[in-house]
Amino acid sequence: ETAIPICAKDISDDLMKEFAFLSGGRGKDKAWIITLPDNARFNEVPEEIVSKVLTYLTSVPSQHESDTKFILILDRRLDTWTSVKMTLQKIAASFPGNLHLVMVLRPTGFFQRTFTDIGFRFSQEDFLLKLPVVMLSSVSDLLTYIDEQQLTPEFGGTLEYCHSEWVIFRTAIESFALTVKEIAQMLQSFGTELAETELPDDMYSIERILSLRTEKYYQLKEDITAVTKEGNLLLSSFEEPDAGECSQDQHCERPGDWETVNRLLGQLREMETAFDGFWEKHQLKMEQYLQLWKFEQSFQEVKNAIEFLMGQQAELPDTGDSVPQVKQRLKDLGHFDGMAQDLIGKAQVVILHGHQLAANHHYALNLICQQCNELRHHSDVLSDEIKRKQMRLQKTLDLHTRLQQALQCCDEGAYLLANQQMDKCQSKEGAQKALQDIERFLESSSAYLNYDPQALHYDFESVLTSELKCQIQSVQVKLENVRSMFENRQACFKKLLDKHVRPVQLVAPRPENPPRSKSPLFSPKHVTHSSSSHCIPFLFQIEVMHDYQEKRNSLQSFISDSDDNLDILKGHVINELIETERVYVEELFTVLTGYRAEMDNPAMLILMPPILRNRKDVLFGNMPEIYDFHNKIFLHSLESCLGAPERVGFCFLDRRQDFQMYEKYCQNKPRSESLWRQCSESTFFQECQRKLEHKLGLDSYLLKPVQRLTKYQLLLKELLKYSTSCDGVQELQEALVAMLDLLKSVNDSMHQISITGYD
């Protein structure tokens with residue numbers, strides 16, 4: 001039990017009995033004086049309590065110095081020898097410290113003094129074995145051993161001592177020490193909590209924890225302030241020892257109460273300073289942790305967004321097959337670039353935030369710098385990739401523009417040659433003027449007509465695709481044909497000027513042999529067919545075709561003195577077949593999207609006549625089927641014949657069954673015409689025509705499929721004329737027969753549906 005530290009609070013009642021006290025006085029050898037005043041009831045105090053009180057009294061000075069010695073003054077002047085003997089026995093049995101000397105003020109009564117002398121003489125050996133005992137007769141004898149300044153007034157000394165105050169102060173000091181210890185434990189516990197608590201991974205919880213910890217920190221600071229105030233108040237109750245007032249010969253020793261409190265206050269200040277430093281570091285780390293969490297959230301959001309845009313960007317094409325397509329893709333890419341630049345701006349803000357954190361010596365400096373570099377890299381890759389695609393698309397657009405300009409030049413050249421009045425060119429002046437027109441055109445168009453294909457391939461090598469290479473080859477073939485046509489025309493005119501020969505009289509060609517059965521649908525005499533007839537009320541301007549044929553025959557007769565010209569004319573017919581096929585497909589597409597699709601547009605429904613609703617299949621027939629066939633199949637088949645003209649016949653023969661779909665279209669035409677006449681003046685058709693910027697109405701475009709069917713047999717006849725000794729002539733002849741049979745079949749079917757009233 002004595003191993004457990006005893007506090008004044010625990011034995012305050014026993015201390016207040018004052019059967020022993022520590023006055024603060026010290027002997028000449030600096031041993032601490034414990035006084036046992038004259039107390040008639042001392043022997044009634046249990047030995048356990050005596051032991052506790054003595055243990056506590058000896059522990060007080062032992063807290064400040066080691067090897068502490070004690071002097072015991074036993075005042076038994078009013079007592080008996082028996083009591084003295086019992087007291088000495090108790091002390092010998094239970095004194096816990098280093099007992100240097102026991103001074104006994106023996107009983108002053110005559111008989112008791114005699115008994116004491118005799119008893120002590122007989123018992124001295126027993127006591128001396130255990131205690132160094134000195135028997136004193138009077139207080140004056142005590143002064144020979146101890147200075148009067150170290151003795152209390154009852155022993156003739158001058159040392160002031162109040163036992164009740166001493167107990168109160170000891171209780172206060174020990175309570176203060178315990179409070180300081182508890183504060184230290186609270187700080188330690190709080191520090192452990194800060195160090196070991198795992199932080200959550202959401203910003204709200206982190207901010208809440210930081211707020212709660214800050215609140216707890218300020219609460220602890222208030223506790224420290226209160227305890228410090230208590231300690232200062234306690235310290236002011238003691239007189240600070242002044243070494244200057246004591247001479248070297250005097251002993252100004254005290255029990256050390258002032259030093260104890262002052263030492264505890266010093267410890268409290270050190271704890272507060274250390275705690276403030278620890279909290280400052282922890283708060284900084286928490287704030288930096290929160291900053292890092294916010295930074296990483298922003299980093300992850302921007303990174304994911306950039307990666308998403310990178311995925312979208314990868315799907316954006318960097319080439320195109322036509323000027324409108326490339327322009328649209330450039331526009332789309334520009335819009336995409338705007339979104340990318342906004343995102344890159346956000347990335348720059350995150351990077352700037354990271355640099356600010358790094359400049360403030362953030363603990364995660366390396367991670368922040370790494371993520372800033374990663375964001376910068378992703379932003380640069382996205383920006384560079386968009387710029388690369390923009391450059392490729394712009395270069396592709398430049399190439400398409402050049403090709404378009406070259407094709408336009410070819411068309412203008414062909415138009416010039418076709419519109420030269422050959423009858424006026426038979427004279428010398430007419431030939432000279434025509435030759436000058438040709439030379440002026442060639443001079444103004446030399447940049448396009450004489451371009452170098454190799455230079456074009458070299459300039460645009462980085463953007464060339466297989467489709468673009470085919471387009472370049474197609475344009476090159478067309479340019480070569482036009483150049484050959486100009487060279488032949490120039491040679492003819494020069495020959496006229498050199499020889500001054502009589503001009504050749506141009507004669508219109510004889511009409512072709514009529515088909516096996518003159519049909520009402522495709523015969524020129526039905527151009528003004530009566531509306532009361534059961535045949536369809538629309539016919540085609542075959543006269544235009546014949547005029548076109550006459551011009552071509554005139555041109556042929558004019559340049560037929562060279563065998564190479566046949567190949568040129570054949571190539572020109574093939575080019576015209578393909579070019580007009582492309583125009584035909586484009587026209588069908590505009591009709592289907594600009595008229596037919598608009599019939600399903602809710603915004604246009606209010607403009608549509610009631611009779612027209614849900615009747616697009618009547619108005620347009622199977623035009624979508626015809627468009628799909630030509631757009632997806634037949635046009636590509638014809639384009640493959642650019643370098644192999646002998647395959648043209650095969651194209652028509654391989655697809656002869658597909659052309660039967662025109663029979664269905666023609667059979668529906670009377671119903672379509674009837675519906676058109678009922679609503680041709682409607683606002684719906686006018687608005688559609690305005691949006692498409694068409695000069696002609698829908699009825700002209702509904703006529704296109706039948707016109708195209710008649711155009712095929714005319715072009716095949718032209719091609720057959722220039723292919724007398726070439727491969728594929730037999731197939732061309734069969735193709736012509738097949739197309740003529742198709743025309744007859746269509747007319748027969750029209751006759752058949754016009755017959756009514758018979759099985």
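User: What joins the side chains of E581 and R708?

Analyst: A salt bridge is a side-chain nitrogen of Lys or Arg within 4 Å of a carboxyl oxygen of Asp or Glu. The side chains of E581 and R708 meet in one, at 2.8 Å from N to O. This is a predicted model: local features need pLDDT of at least 70, side-chain atom pairs count only at pLDDT 80 or more, and totals for chains, interfaces and linings use all residues. Residues are numbered from 1 along each chain as its sequence is written, and side-chain values use heavy atoms, with hydrogens and water left out.

User: Where do E581 and R708 lie?

Analyst: Helices are DSSP runs (H or I, at least four residues), numbered from the N terminus. E581 lies in helix α16 (residues 564-596). R708 lies in helix α23 (residues 704-721). The pair therefore ties together parts that are 127 residues apart in sequence.

User: Are E581 and R708 buried or exposed?

Analyst: Buried means under 20% relative accessible area, exposed over 50%, and partly exposed in between (1.4 Å probe, protein chains only). E581 is buried, and R708 is buried too.

User: How many salt bridges does the rule count?

Analyst: The count comes to 28. One of them pairs D75 with R77, with the closest N and O atoms 3.0 Å apart. D75 counts as buried, at 6% relative accessibility. R77 counts as partly exposed, at 23%.

User: What does R388 form with D318?

Analyst: R388 and D318 form a salt bridge, and their closest N and O atoms are 3.5 Å apart. R388 lies in helix α10 (residues 365-418), and D318 in the loop between α8 (257-315) and α9 (323-359), so the pair ties together parts 70 residues apart in sequence. R388 is partly exposed, at 34% relative accessibility. D318 is buried, at 18%.

User: Which residues touch the most other members of the largest nonpolar core?

Analyst: A nonpolar core is a set of buried Ala, Val, Leu, Ile, Met, Phe, Trp, Tyr and Cys residues joined through side-chain atoms within 4.5 Å. The largest has 60 residues. L612, L619, V648, F652, F659, F685 and L698 touch the most other members. Helix α16 gives the most to this core, with 11 residues.

User: What does L619 touch?

Analyst: Contact means heavy atoms within 4.5 Å. L619 touches L612, S672, L675, W676, F685, L698 and L702, not counting residues up to four places away in sequence. A second, separate core has 35 residues, including A20, V50, V84 and L131.

Conventions:
Helices (H or I, at least four residues) and strands (E, at least two) are DSSP runs, numbered from the N terminus.
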